[in-house]
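Me: I am new to this structure and would be grateful for a close look at a single part of it. Please describe the open sheet and the elements around it.

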Amino acid sequence: MILVVFPALVLLRFYKVALAELGFPLHLLLFPISSQCSCLLHSCVHTPVFECVPETSRVRQGALEMTAMAEFNNVQAVSEMPEEGEAKRGFYHRMFLEPQEEKRNLKALMVKQVKKTCSCTPAKVKDCALSFFPIVQWLPKYNPKECLLGDIMSGVIVGVLLVPQSIAYSLLAGQEPIYGLYTSFFAGIIYCIFGTSRHISVGIFGALCLMVGQVVDREVLRAGYELEPAALSDRMDTAVHVNSTAAPVNQTLQKLLCDKTCYAIKVGATMTFIAGVYQVAMGFFQVGFVSVYLSDSLLSGFVTGASFTILTSQAKYLLGLDIPRSSGVGSLITTWINIFRNIHKTNMCDVITSFLCFLVLIPTKELNEHFKSRLKAPIPVELVVVVAATLASHLGKLKETYGSSVAGHIPTGFLPPSPPDWNLIPNVALDAIPIAVIGFAITVSLSEMFAKKHGYTVKANQEMYAIGFCNIIPSFFHCFTTSAALAKTLIKESTGCRTQVSGVVTSLLILIVLLVIAPLFYSLQKCVLAVITIVNLRGALRKFRDLPKMWHLSRVDTVIWLVTMVSSALISTEIGLLIGVCFSMLCVIFRTQKPEAPLLGWVAESETYESLSAYKNLETKPGVVVLRFEAPLYYINKDCFKSALYKQTGVNPALVKAAKKKAAKRMLREKEAGSGGSQTNVSMELVSEPLGFHTIVIDCCAVQFLDTAGIRTLKEVCKDYSEIDVQVLLAQCNPSVRSSLMRGEFFKEGEDHLLFHSVHQAVDFALGAQEHSRTCASKN
């Protein structure tokens with residue numbers, strides 16, 4: 001065996017020297033080693049591998065020599081120990097990890113990127129046009145035989161359901177019914193041109209309508225439209241008088257030239273325009289990552305909390321009460337207080353109508369959901385209720401006889417386009433931010449969900465452009481904010497939708513209503529529209545039934561849902577969303593601040609190490625403690641890392657050193673005082689009392705990154721434990737962590753860089769090093 005090994009060792013010596021002469025970074029070699037390797041090499045080579053230096057230094061100094069002599073050119077050798085009962089072990093492959101050469105010329109890179117961005121070729125123009133207008137790609141390939149029937153059917157059904165919802169949600173946004181029809185008409189056509197999803201239905205969404213309505217009410221109140229008629233006339237007279245004295249025209253007079261309805265849609269359209277600009281800017285700068293912070297549980301809690309506010313805002317229509325709409329912090333509580341204060345003014349005609357509509361809508365909706373697999377199309381119960389209620393109100397003259405509130409005159413055709421009110425932009429710019437973020441987050445998530453289900457791809461960046469233009473362009477035509485809606489998308493998909501041609505069919509059906517049928521809804525009671533809005537909240541309110549399952553799956557997500565829901569309902573929708581985002585981010589921070597740090601045990605007949613607290617029948621290697629830290633190591637959890645390490649190992653180096661110093665001082669005092677030998681022996685035992693382990697292996701597989709505080713913490717831990725003759729080894733570090741260790745000078749100059757690709761290799765190295773040190777000590 002010596003005749004075989006000795007020439008290889010000589011070659012290894014020469015190979016190592018040659019690498020050093022060529023400038024090869026030897027510190028980047030990862031050298032795992034087995035326990036038998038050290039004894040075999042020590043028996044074959046006369047030159048001592050370990051010098052008589054302190055324990056930790058001997059281990060690190062000898063590791064490189066031992067491993068370098070163990071293998072050559074990735075050849076694996078198998079050896080057997082001469083001692084009786086020793087098992088065979090194979091040496092590990094030596095790994096050469098040389099980092100990629102970074103040849104980056106910043107100036108050349110910037111010039112190349114600018115040329116690539118600014119270059120204009122016919123092929124690039126064509127690609128940009130095709131990607132910016134997806135309809136140009138799929139419309140020429142449209143197959144009428146396969147797709148037309150399904151698109152027409154789904155478009156008609158969604159249109160039938162969307163007409164009453166558009167009228168109902170207009171009240172939620174603080175607008176007249178005609179503007180809801182405008183919004184639904186333009187959204188379907190524009191998304192067909194710019195969108196990449198084949199199935200989602202873009203239109204009015206309840207939560208966004210609520211947020212728009214709150215801002216509209218605030219601005220209308222700020223402009224003075226909610227004053228009593230006498231006060232308005234006085235203000236008008238004063239403004240006219242001021243104008244007659246050649247003073248500048250008062251801003252209030254300018255606002256009064258436009259009535260409340262006109263001013264409300266100006267506010268809504270201006271905010272819609274700003275929200276669309278934000279969404280297009282997000283697409284241009286590719287900052288769609290903002291939606292990552294809106295988790296499913298957060299969005300679900302927000303929608304449920306907003307549903308309570310929506311229900312509260314519609315309750316006054318159910319009772320026929322004429323009370324001002326509350327806005328701001330605590331609007332839900334304020335609204336219910338006003339309702340109970342005016343409960344004696346309840347209109348019994350509206351109450352009876354609401355009750356009858358609930359009796360018809362809720363059971364039919366439940367039947368639609370229960371038999372949706374058997375029904376080719378859902379029963380259009382909402383349209384039936386709207387038609388029947390309109391006829392009953394008109395024939396029974398409910399407005400004239402009982403004072404019931406009705407929708408009023410709905411004009412036909414389109415109003416001439418007008419730009420947003422630029423003077424309102426400073427007032428609504430901040431309010432448009434959460435609307436923009438929620439709108440594109442819901443649209444992108446629904447697009448990706450249905451694309452994955454049907455086996456095609458969508459472009460998230462283009463979806464942001466699409467929903468942005470669905471807000472910018474319609475804002476010039478007296479529309480308010482839109483986004484994708486889950487309920488209508490599910491109906492659209494289940495009724496045979498193949499492409500966005502179905503959205504065009506829906507828009508054409510709404511166009512017919514706008515041009516011909518709209519005035520017929522004059523006698524429609526507002527309480528009927530409120531019932532339609534409330535019934536459509538069932539899906540969001542049913543989330544309470546899923547709480548036990550959600551709690552079982554993830555308690556953190558459940559708490560995020562509850563916090564977002566309660567804050568959105570009781571405080572306000574915008575502040576509730578902000579609280580939900582901040583709370584979810586704090587949950588992430590807390591989970592990394594106090595992560596799990598379990599001790600690991602060896603799975604027999606394998607190279608796997610798992611948590612001792614989670615699995616049974618795991619073995620531990622004598623003298624070696626293996627710990628896994630399951631989080632990034634950075635400034636927030638550095639103290640937690642130390643605490644977990646001290647707790648799991650049962651040894652705090654600072655306390656051990658303090659105890660040794662105290663015992664040494666006591667022994668010195670006893671020696672100087674000439675006291676009895678028994679006490680001296682006790683002091684000697686305190687000083688030389690051995691620890692239960694000699695090596696700590698830290699499994700870094702879950703450590704995604706290190707910052708400067710994390711590197712400094714590892715340095716301190718290694719230094720503190722080395723002072724009590726315990727070495728600390730790192731295993732399974734990812735390239736980012738290894739790079740951080742190198743840059744942070746974790747390894748001292750001239751010191752061997754010991755990193756291990758697996759915990760098993762690190763444990764074998766520790767056992768081999770300890771065995772060799774014992775052999776060396778016994779020979780000395």
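Reply: The following account takes the sheet strand by strand and then turns to the cysteines.

This is a predicted model, in which local features need pLDDT of at least 70 and side-chain atom pairs count only at pLDDT 80 or more, while totals for chains, interfaces and linings use all residues. Residues are numbered from 1 along each chain as its sequence is written, and side-chain values use heavy atoms, with hydrogens and water left out.

The open sheet has four strands in the order S9-S10-S11-S12, and their pairing is parallel. Strands here are DSSP runs of E with at least two residues, and helices are runs of H or I with at least four, each numbered from the N terminus. Two strands count as paired if DSSP finds at least two bridges between them. The edges are formed by S9 (624-628) and S12 (755-756); each has a single partner strand, so one side of each is left without a neighbour in the sheet.

Strand S11 (residues 727-731) has a pairing with S10 and another with S12. With S10, the parallel pairing extends over five bridges, and Thr695 stands opposite Gln727 of S11. The chain passes from S10 to S11 through helix H31 (residues 708-722), a β-α-β crossover that is right-handed; that is, with the strands pointing away from the viewer, the path from the first strand over the helix to the second runs clockwise. With S12, two bridges join S11 in parallel, and Leu730 stands opposite Leu755.

In a regular strand, side chains alternate between the two faces of the sheet. From S11, Gln727, Leu729 and Ala731 point one way, whereas Val728 and Leu730 point the other way. Five of the five residues of S11 are buried, so this strand is largely enclosed by the rest of the structure. Buried means under 20% relative accessible area, exposed over 50%, and partly exposed in between, with a 1.4 Å probe and protein chains only.

Helix H33 (residues 759-779) lies across S9, S10 (695-699), S11 and S12, and runs at about 155 degrees to S11. Such angles run from 0 to 180 degrees between N-to-C directions, with axes fitted to C-alpha atoms, for helices over the stretch in contact; contact means heavy atoms within 4.5 Å.

As for the cysteines, a search of the whole structure finds zero disulfides, a disulfide being a pair of cysteine sulfur atoms within 2.5 Å. Cys718 is in no disulfide, and the nearest cysteine sulfur, that of Cys700, is 9.7 Å away. Cys718 is buried, with a relative accessible area of 11%.
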